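This briefing goes through a structure one topic at a time. Please keep the sequence and the 3D view open while reading.

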Amino acid sequence: MFAASWRSAMLGGAIGRRYRGAVSGPRANKAPHASSKAAVLDAIRAAGTISRVGLIDATGFTAPTISNLVRKLIDEGLVVETGHAESTGGKRRVLLQLNHAARYAVGVHLDHGVVTYVLTDLAGVVVARICRPGARAEEPSTVVSRIAAEIPTLIDSVGVDRARLVGVGLVFPGPLTGRGITGTVDAGAESESRQWRGFPLGAALEQTTALPVVVDNDATAAALGEHWAGGFGTASAAAALYLGSGIGAGLVINGITYRGPSGNAGELGHVCVQADGPRCWCGARGCVEAVAGPATVVAAARADPGLARAIGLSAGGGAAAVARDFAAIGRAARRGEGRALALCEESARYVAAAARTLANVMDLEVIVLTGPGFAVAGSVYLPVVRQELHAVFSRTAHPVDVRLSRSAATASAVGAAALVLESELVPLSRGLRVSESLGGELAPLTGSSG
Amino acid sequence: MSRDGDEMSATSAVGLVLARAPRLLGAEPFFMEFIAGIEERLAERGRSVLLHIVADHAAEVAAYRRWARQRLVDAVVLVNPTAEDSRPQVLHELGLPVVVAGDPDGDTPAVRRDDVGSVRAAVAHLAGLGHRRIARVSGPDTLRHTRTRTAALLAAAGPAGIDAVVLAGDYSAESGAALTARLLDSAAPPSAIIYDNDLMAVAGLNLAKELGLRIPRDLSLLAWDDSSLCRLASPPLTTMSLDVHRFGELVARSVLALLDGEPVRERWCPTETVVVRQTTAPPSTDLT
């Protein structure tokens, strides 16, 4: 949930962090950015199109400051003028927007069994995407080489000048430790875990690609991606519920992703929904991931030979097979297959209970369902979660809006790209940096969430 | 993923270019599920889908030329075939094997949707409820399947004594709302409207509700491309349902056969069926 800035480490001597977070909309006038230029660029990004007068309103800067900064952004090619706003009687206002093709970013989601790559433009809009087989039990250095080799292919496929690439966002399932990687990036390869322990994945990729690399947790990245796409609207407290091979969540509070002191905030999969429930892989009892997560749903479906045959479930092990089979169950549930629907609806009740817990703790206004699991089964889960959130404690103050993400299938990779765009182009100020005590690596555990 | 997949070179990709206006973000669920279906079959043979999203056909053709020059893809899946489509010819000249998802151009390998059968099923559903004035908000008229559906609708309507009218939209929510407004404002408004996709149907439903119409009592709505949007609409939309994942799997089979140098037979998606939810009902008497 944080990122080591190896480049600034080289320049400045100390391990620093890249920072992220953004204004939640054009009217957020206490911009948390590192520079006034970053604040203006982010306000333009969040608004889509906006006039100079609108920017004064959005940032709180004076007219001469805005005029000066906008000129700089136009000179740098990051912003373009794009026609006029509707006349309101006075002088017609020139509208500004991001020059989408000015910069590009790569987002990489290193998940169990599959690596998803996206190339986005300056606004975080996807222009290319490819999925490749996952890391399995390979040497970390091999995985880094493979990722590094894929990036130029992706850029060439779109015909983009490599000089326009700002960097790479690399995300994977948590949890994190302050010291380094403590698990492998693929479930079921326990014996291989030692070689990943402490491996500085981000630093190695940065060295191999000679590009800035930012690393983070995949559920947090999905939340940032949703924020960039405007999926949280103007909410000041919002969460992305992530259903992948496990269950996770990313929090966006006042337009900034909230990570907690160790980067482990939002581990929704390990919210307890059954005090005497089954033992979770994390060591605790009754975690929602153990009670009702995708692996549990898949195991129940596979235990029903008739259902397994009818919807073509594999007998394969590993997280990739779980993801594939969960998708098949979700599609069957959508078609109205009774047993598949019952399994998903039972899972949804527990996920909904965990979601209500999160909403109560954080006073959430918006919850967006995202990730590959919700991309397939979201329409089954959403009504159940919505119903449960009617009972949220804050209901007399405000409702909790529950929505499906429009980019659920590739949310983490899209968010990974937004992560590096943010840290390179609209960085947050030092006051909003995450704790200096954090180490530089993420620590995906075997069978972890996301 | 197969173990073999790990050893494949980074270029073992099948290309798919999606040309669409950036604002048509709602197209994503349909295409991502289609691509997931392709990927599931290709992954068994260590291949991936390279998806590229562009604004128009000129950029799409430029991408094909780039891919051929740099040998970035082994084959191409062509989506949304148009009436006078130059793309299959371009791909042929570039030596890129192609499978068309939809109505093919000449003898290009294709996986087809049964648009005629599906339109007949839609009309039969509405006619069975007693509708005699049916409108359709279609996709762009340049698309082959739009034209096929229009011809099928007119052919099915006449003999059944149904008065049918078609307005061409662009799949966006904006066009769905605007064309629904125009239809409802006409001298003889329809008692049922068919939409060619989910986004336009949901927009049409919302507009009709804003106008105070009770759905389905005052107006029946039938959407195409069943999706979460349709299932979660209020009331849930009756739709024509295609197994999009299976569509993708069929396309992958044709692609793999093509790459293996085997003869590629024409494949057909199963005919779409009406999934009855809560937006179709007999017309109210004062509107018929």
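The points below cover the contact between the chains, then chain B, then chain A.

The model is predicted. Chain A and chain B meet in a contact that takes 31 residues from chain A and 27 residues from chain B. In chain A, one open sheet has 5 strands, and another open sheet is formed by 3 strands. Chain B is assigned domain 1 and domain 2.

**Contact between chain A and chain B**

- Chain B contributes 27 residues to the contact and chain A contributes 31 residues.
- On the side of chain B that touches chain A, the elements giving two or more residues are helix H1 (3–7), helix H2 (28–43), strand S2 (48–54), helix H3 (57–70) and helix H9 (228–232) of chain B.
- S2(B) gives the most to this side, with 6 residues.
- This side of chain B consists of 13 nonpolar, 8 polar and 6 charged residues.
- S2(B) also pairs with strand S8 (residues 126–133) of chain A, in the antiparallel sense and over 2 bridges.
- In this pairing, Leu51(B) in S2(B) has Arg129(A) opposite.

**Domains of chain B**

- Domain 1 of chain B covers 3–113 + 243–270, and domain 2 covers 115–241 + 274–287, according to the domain assignment.
- A distance of 30 Å separates the C-alpha centres of domain 1 of chain B and domain 2 of chain B.
- Between the two domains of chain B, 13 residues of domain 1 are in contact with 13 residues of domain 2.
- On the side of domain 1 of chain B that touches domain 2 of chain B, there are 6 nonpolar, 4 polar and 3 charged residues.

**Strand pairing in chain B**

- Strand S10 (residues 238–241) of chain B pairs with strand S9 (residues 220–224) of chain B in the parallel sense, over 3 bridges.
- Thr238(B) in S10(B) is the bridge partner of Leu222(B).
- S10(B) is also joined by 3 bridges to strand S12 (residues 273–275) of chain B, and these two strands run antiparallel.
- Val274(B) in S12(B) has Met240(B) opposite.

**The sheet of 5 strands in chain A**

- The strand order in this open sheet of chain A is S13-S12-S11-S14-S15, and the pairing is mixed.
- Strand S13 (256–258) and strand S15 (401–404) of chain A each have a single partner strand, so each has one side without a neighbour in the sheet.
- On average, neighbouring strands of this sheet are turned by 25° against each other, direction ignored.
- Strand S11 (residues 237–243) and strand S12 (residues 247–253) of chain A run antiparallel and are joined by 7 bridges.
- Gly250(A) in S12(A) is the bridge partner of Ala240(A).
- Helix H8 (residues 218–228) of chain A lies across S11, S12, S13 and strand S14 (366–370) of chain A, and runs at about 45° to S12(A).
- Helix H14 (residues 372–389) of chain A also packs on the sheet, where H14 touches S11, S14 and S15 of chain A.
- The direction of H14 makes about 170° with that of S15(A).

**The sheet of 3 strands in chain A**

- The strands of this open sheet of chain A are in the order S3-S5-S4, with antiparallel pairing.
- Strand S3 (50–51) and strand S4 (79–84) of chain A are at the edges; each has a single partner strand, so one side of each has no neighbour in the sheet.
- Between S3(A) and strand S5 (residues 94–98) of chain A there are 2 bridges, and Ile50(A) stands opposite Leu96(A) in S5(A).
- Helix H2 (residues 36–47) of chain A lies across S3, S4 and S5 of chain A, at about 95° to S5(A).

**Helix pairs in chain A**

- Two packed helices are described by the angle and the distance between their axes.
- Helix H3 (residues 52–59) and helix H4 (residues 63–75) of chain A cross at roughly 115°, and their axes come within 9 Å.
- This angle makes H3(A) roughly perpendicular to H4(A).
- The crossing of H3(A) and H4(A) is right-handed.
- Arg52(A), Leu55(A) and Ile56(A) in H3(A) meet Ala63(A), Ile66(A), Ser67(A) and Val70(A) in H4(A).
- The contact of H3(A) with H4(A) has 5 nonpolar residues, 1 polar and 1 charged.
- Helix H12 (residues 318–335) and helix H13 (residues 338–362) of chain A pack at about 110°, with axes 7 Å apart.
- H12(A) is therefore roughly perpendicular to H13(A).
- The contact of H12(A) with H13(A) has 7 nonpolar residues, 1 polar and no charged.

Definitions and conventions
Residues numbered from 1 in each chain as written. Chains lettered and ligands numbered in written order. Predicted model: local features only at pLDDT ≥ 70, side-chain atom pairs only at ≥ 80, totals over all residues. Pairing = 2+ DSSP bridges. Helix = DSSP H or I, 4+ residues; strand = E, 2+ residues; numbered from the N terminus. Contact = placed C-beta atoms within 7 Å. Nonpolar A, V, L, I, M, F, W, Y, C, P; charged D, E, K, R; others polar. Domains from an automatic or database assignment. Axes fitted to C-alpha atoms, helices over the stretch in contact; angles between N-to-C directions. Parallel < 35°, antiparallel > 145°, perpendicular 65-115°, else oblique. Left-handed = near helix turned anticlockwise from the far one by under 90°.
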